[in-house]
Each structure stands twice: as structure tokens, then as C-alpha cells.
Amino acid sequence: YHPFISSKYGDIKPKRGKVQDYLGMTLDYQEKGKVKVIMAAYIDSLIDDCPSKVNANATTPAANHIFTVNENAPKLHKNKRSNFTPL
């Protein structure tokens, strides 16, 4: 695939091996037929970017009004309603 990709995107440098880093993930192909996706470095960077002290607790990331129904909201068009109903 290297010649094809290079012709489309220019000079690239392929990296071969059983462990690859890609978009914040480490892809580990060392065990035959399996891949491990490891995101420890990405998670560490998320933690580092957080404030040093968190002053609140939450049992869910959802807002308090998630199940509040707005009776005055415009109704969804009949053709679009089927996207939100069970099969």
C-alpha cells in the first residue's frame, strides 16, 4: 500500500512493528489474533489538564433537567418522529 498512499498524499514514512502509537492510542498486536488499545498517556494528559482541586460531586454527567418535558416545544414533524421510536 505504501506506493499508492505515497502517490496520493506525498512522502510518508511507514513504521512497522507489533506496537504502534496512533492518535493518542497505543495499538499492541503482540498477541496473535488480538489487539490491545492502550490510552494511558492520553488519560494522563487529561488528568494533567484538569484543575488541581475538584470541588464538586456528580452521580451522572447529565444535567438535572434531562427528563423535564417542555410542553410548549414545537412537535416534531411526522416524518421525523419514526427516528425516535422503538422498532
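How many bridges pair strand β2 (residues 25–28) with β3, and in which sense, parallel or antiparallel? The two strands pair over three bridges in the antiparallel sense. Strands here are DSSP runs of E of at least two residues, helices are DSSP runs of H or I of at least four residues, and both are numbered from the N terminus. Two strands are taken to pair if DSSP finds at least two bridges between them. The structure is a predicted model, in which local features need a pLDDT of at least 70, side-chain atom pairs count only at pLDDT 80 or more, and totals for chains, interfaces and linings use all residues. Residues are numbered from 1 along each chain as its sequence is written, and side-chain values use heavy atoms, with hydrogens and water left out.

Confidence is given as pLDDT, the predictor's score for each residue on a scale from 0 to 100. The chain has an average pLDDT of 86, and 98% of the residues reach at least 70. Within the chain, the highest confidence is found in β3, at 95, and the lowest in helix α3 (residues 78–81), at a mean of 84.

The sheet is open and consists of three strands in the order β1-β2-β3, with antiparallel pairing. Its edge strands are β1 (19–22) and β3 (36–38), each of which pairs on one side only. From one strand to the next the twist averages 20°, where axes are lines fitted to C-alpha atoms (for helices, over the stretch in contact) and angles run from 0 to 180 degrees between N-to-C directions. In general, the strands of a sheet pair through backbone hydrogen bonds, either parallel or antiparallel.

β1 and β2 run antiparallel and are joined by four bridges. Val19 has Asp28 of β2 as its bridge partner. Asp28 in turn has Lys36 as its bridge partner in β3. Leu27 stands opposite Val37 in β3.

The hairpin of β1 and β2 has two residues between the strands. Leu23 lies in the loop between β1 and β2 and has a positive phi of about 50°, although it is not a glycine. Gly24 and Ala41 are 17 residues apart along the chain, with their C-alpha atoms separated by 7.1 Å.

Lys32 is located in the loop between β2 and β3. Its relative accessibility is 84%, so Lys32 counts as exposed. From C-alpha to C-alpha, Lys32 and Ile66 are 45 Å apart in space and 34 residues apart in sequence. Asp49 belongs to helix α2 (residues 40–49) and counts as exposed, at 66% relative accessibility. The C-alpha atoms of Asp49 and Arg81 are separated by 41 Å, with the two residues 32 apart along the chain.

The largest pocket holds about 380 Å³ of space. A pocket is an open set of points on a 1 Å grid over the protein atoms alone, where a 1.4 Å probe fits and protein lies on both sides within 12 Å along at least five of seven lines; lining residues have an atom within 4 Å of a point. The volume is the space filled by probe spheres set on the points, which are joined across faces, edges and corners. Among the residues lining the largest pocket are Tyr1, His2, Ile5, Lys13, Arg16, Tyr22 and Leu27. α1 (2–9) and β1 each supply at least two residues of this lining, and β1 gives the most, with three residues. By class, the lining has six nonpolar, two polar and four charged residues. Ala, Val, Leu, Ile, Met, Phe, Trp, Tyr, Cys and Pro count as nonpolar, Asp, Glu, Lys and Arg as charged, and the others, Gly among them, as polar.

Notes
Buried means under 20% relative accessible area, exposed over 50%, partly exposed in between (1.4 Å probe, protein chains only).
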